[in-house]
Amino acid sequence: MGAGLSREHDLASSPEVDLEEANRLSGASVYSDLEPGFIRVVIVLPSLDEHDSVECVLEECPLANSPPYMALSYTWGSKSNPGTIAVNHKSFLVTRNLLVALLHLRALGFSGLLWIDAICTVPSASKYSVLSVLIVARH
């Protein structure tokens, strides 16, 4: 097990976890620079086994021509006992309630796009985060 995975495991087993810090420390950034007028959306990949971990793809799309998406707000909730998903093949810690929501959507066969604040916004870019939430709310 690599040092990054060990550190991530230590953080995930803590009672109250700073998820943004844990994801940053893992060294597995899923973010690239976002062009003006674009948003990030999540695609939850299907699985035949309900016990498989959740795997997602984070993509960018122009807001003006974006396909329909569903917005979820999951930055709230308990930070204790976080779950791990894969975003673009990299481990990513999320709140337990977001993990449960993603598992439920996958079990239902949901194949649409999602805008999830806890994944689609860059935590350290507070100006971007606020603008993203306002822009998504208007569409």
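Strands E1 and E6 run antiparallel and are joined by 2 bridges; strands here are DSSP runs marked E of at least two residues, and helices are runs marked H or I of at least four residues, both numbered from the N terminus. Two strands are taken to pair if DSSP finds at least two bridges between them. The model is a predicted one, in which local features need pLDDT of at least 70 and side-chain atom pairs count only at pLDDT 80 or more, while totals for chains, interfaces and linings use all residues. Residues are numbered from 1 along each chain as its sequence is written, and side-chain values use heavy atoms, with hydrogens and water left out.

Strand E1 (residues 38-44) also pairs with strand E2 (residues 55-62), again antiparallel, through 7 bridges. Within this pairing, Ile 39 lies opposite Cys 61 of E2, and Ile 43 faces Val 57 of E2. Ile 43 has a bridge partner in E6 as well, namely Leu 113. Most of E1 is covered, with 5 of its 7 residues buried, where buried means under 20% relative accessible area with a 1.4 Å probe and protein chains only. In a regular strand, side chains alternate between the two faces of the sheet.

Stepping back, the 6 strands make up an open sheet of mixed pairing, ordered E3-E6-E1-E2-E4-E5. Strand E3 (69-72) and strand E5 (90-94) form the edges; each has a single partner strand, so one side of each lacks a neighbour in the sheet. On average, neighbouring strands of this sheet are turned by 40° against each other, direction ignored. Helix H3 (residues 96-107) packs on the sheet and touches E1, E3, strand E4 (83-87), E5 and strand E6 (113-116), a contact being heavy atoms within 4.5 Å. The direction of H3 makes about 55° with that of E4; axes are lines fitted to C-alpha atoms, for helices over the stretch in contact, and angles run from 0 to 180 degrees between N-to-C directions.

For the chain as a whole, the secondary structure consists of 5 helices and 6 strands, arranged from the N terminus as α-α-β-β-β-β-β-α-β-α-α. Of its 139 residues, 37% count as buried. Among contacts between residues at least 6 apart in sequence, 63% link residues at least 24 apart. The accessible surface, from the Shrake-Rupley method with a 1.4 Å probe, is about 8100 Å², and 58% of this belongs to carbon and sulfur atoms.

Conventions. Buried means under 20% relative accessible area, exposed over 50%, partly exposed in between (1.4 Å probe, protein chains only).
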